[in-house]
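Here is my note for your first look. Keep the model open as you read.

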Amino acid sequence: MDLIQSYEEEDEAVASSPESSPPRMLKAKSSAPEVDDTALALTVANVNQSKSKPIDPTQHVVFYNPTHDQLWAPMFGPAHPYAKDGIAQGMRNHKLGSVEDASIGSFGFEEQYHTFHKCGYAADPSGMNYVGDVEAFKKNDGLSVFNIPQSEQKRRKIERSKEEREGEEKKEEIEPEAENPETEAWLRKNRKSPWSRKKEVVQGELTEEQKKYAEDHAKKKEEKGQQGETKGEHYADKSTFHGKEEKDYQGRSWIEAPKDAKANNDHCYIPKRLVHTWSGHTKGVSAIRFFPKQGHLLLSAGMDCKVKIWDVYNSGKCMRTYMGHAKAVRDICFSNDGSKFLTAGYDKNIKYWDTETGQVISTFSTGKIPYVVKLNPDDDKQNILLAGMSDKKIVQWDINTGEVTQEYDQHLGAVNTITFVDNNRRFVTSSDDKSLRVWEFGIPVVIKYISEPHMHSMPSISVHPNGNWLAAQSLDNQILIYSTRERFQLNKKKRFAGHIVAGYACQVNFSPDGRFVMSGDGEGKCWFWDWKSCKVFRTLKCHNGVCIGAEWHPLEQSKVATCGWDGLIKYWD
């Protein structure tokens, strides 16, 4: 026990003595082979050295994380490959390069800059004294352009204007009277304000040559005015009768309806077969109209500038050709009794014809192309003509006087259709601006405007026989139905589709009993839909080109006439 205690005391003494040596440790041994780390040391040294250098822009790979200063360091040596002026993008804080902040503020610089250019002196950047014109500095008490009082500015302005006025007066005194119009002095003296009145010139006596020139000029002006009255292209009006005789043995005219032409029944049927073909037009046929109420004659408008009328009831021949337009005929419209009709052509003329004699009663024109013509359907207003023009207007004429009595100007595009509704007290128009507008007859104010984002242009509109609905041919290949009541709402439940009419003004129409809707299409077919179910009832292949028009016979309920751009008119039963 005493021996152990003595050992412990010795160890404590050794540990507490300052001169004692550290305990001896055995050297650790590793079984791994020794590695030459010279290359690693050199690499680390290169990396540490490269971290202080700017990055080479041609270098594609960086093996370390560069500092912010390295990324935005200026370029030295060759120009930057992606900068036109050679300045590194990081050093660019202005479109012209690098701009550093100066000791003077931007406002102070502007103030001294303008003061120097205006007065000739400026403050020294050191702030101790001024440089430039000393006399001007003393005269202005060292004021800058931003510190001049308003009273002083006003006084200087008055003095300057006074000096300018005096200088001009001196010039006028020095300069001799300018007689040559080519000199600047003459121009300065005779210059006029655009608001100045015309000077009254006392007219002296004219020479014989001047009198002759004035007469010729007046004559040309008068001729030009006479041409301007018609405004459309002039073409000689003529008509040719192709029948055997214009009156029969009883003295009845050839346009009179046969006495035995009556409706068989009120029920309409879809036609199945081709009965007759009329081929008198040399170009496409743009519109056809049956004779009102009777339908024993058929009027057709052609792109060969001619209008023809055909016998439907008896011989089936062309009875008369009306030639009065210089360009293609766009639209036609019968009067209520069929004794007269209107034609609208691309020669900018509207002509009012006598059906029997073929004479032009009157011609109307505004200098624009009429796209649609319509007579007021009321019997007591058959002298009122409405025309939808290419200049966005609907123009109303009185046929008896030849004067324009009203203009309806609200559309934003060419007017395509005019349709009377509500017992002819109102009419609906459609236009290339993809809208429908309802007007009170005689009042040029829109009472209803229909335009939706989904709407397309509607080049043809027809009224249902009961007068409660409008069928509008929409250029997105469907027929839309609108009510003719106060609200003129779209009937979303009725929509007729399947045909292709995009780009063509194919006519839409109803059967006389209102059971069927029909329309031509761009592929030469005539489509028939059932009014109640909106389903396709039948399709007839009618023409080689576009089937542009389709009319149902007013009396014979199973017969339909179609026309197309192939120049043919076909009669179906």
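**Notes on the model**

1. Start with Asp 331. Its side chain reaches the backbone nitrogen of Val 373 at 3.1 Å. The side chain of Asp 331 also makes a polar contact with the side chain of Arg 289, at 3.1 Å. (A polar contact pairs N or O atoms within 3.5 Å; within protein, one must be able to donate a hydrogen and the other to accept it, and residues adjacent in sequence count only if both atoms are side-chain atoms.)

2. A word on the source. This is a predicted model: local features need pLDDT of at least 70, side-chain atom pairs count only at pLDDT 80 or more, and totals for chains, interfaces and linings use all residues. Residues are numbered from 1 along each chain as its sequence is written, and side-chain values use heavy atoms, with hydrogens and water left out.

3. Is Asp 331 buried or exposed? Asp 331 counts as buried because its relative accessibility is 8%. (Buried means under 20% relative accessible area, exposed over 50%, partly exposed in between, with a 1.4 Å probe and protein chains only.) Asp 331 sits in strand 9. (Strands are DSSP runs of E, at least two residues, numbered from the N terminus.)

4. Now the loops. Asn 477 is not a glycine, yet its phi is positive, near 65°. Asn 477 lies between strand 22 (469-474) and strand 23 (478-483). Phe 488 also has a positive phi, about 50°. Phe 488 is in the loop between strand 23 and strand 24 (490-497). Most residues other than glycine have a negative phi.

5. Compare accessibility. Asn 477 counts as partly exposed because its value is 25%. Phe 488 counts as buried, at 4%.

Note on methods. Helices (H or I, at least four residues) and strands (E, at least two) are DSSP runs, numbered from the N terminus.
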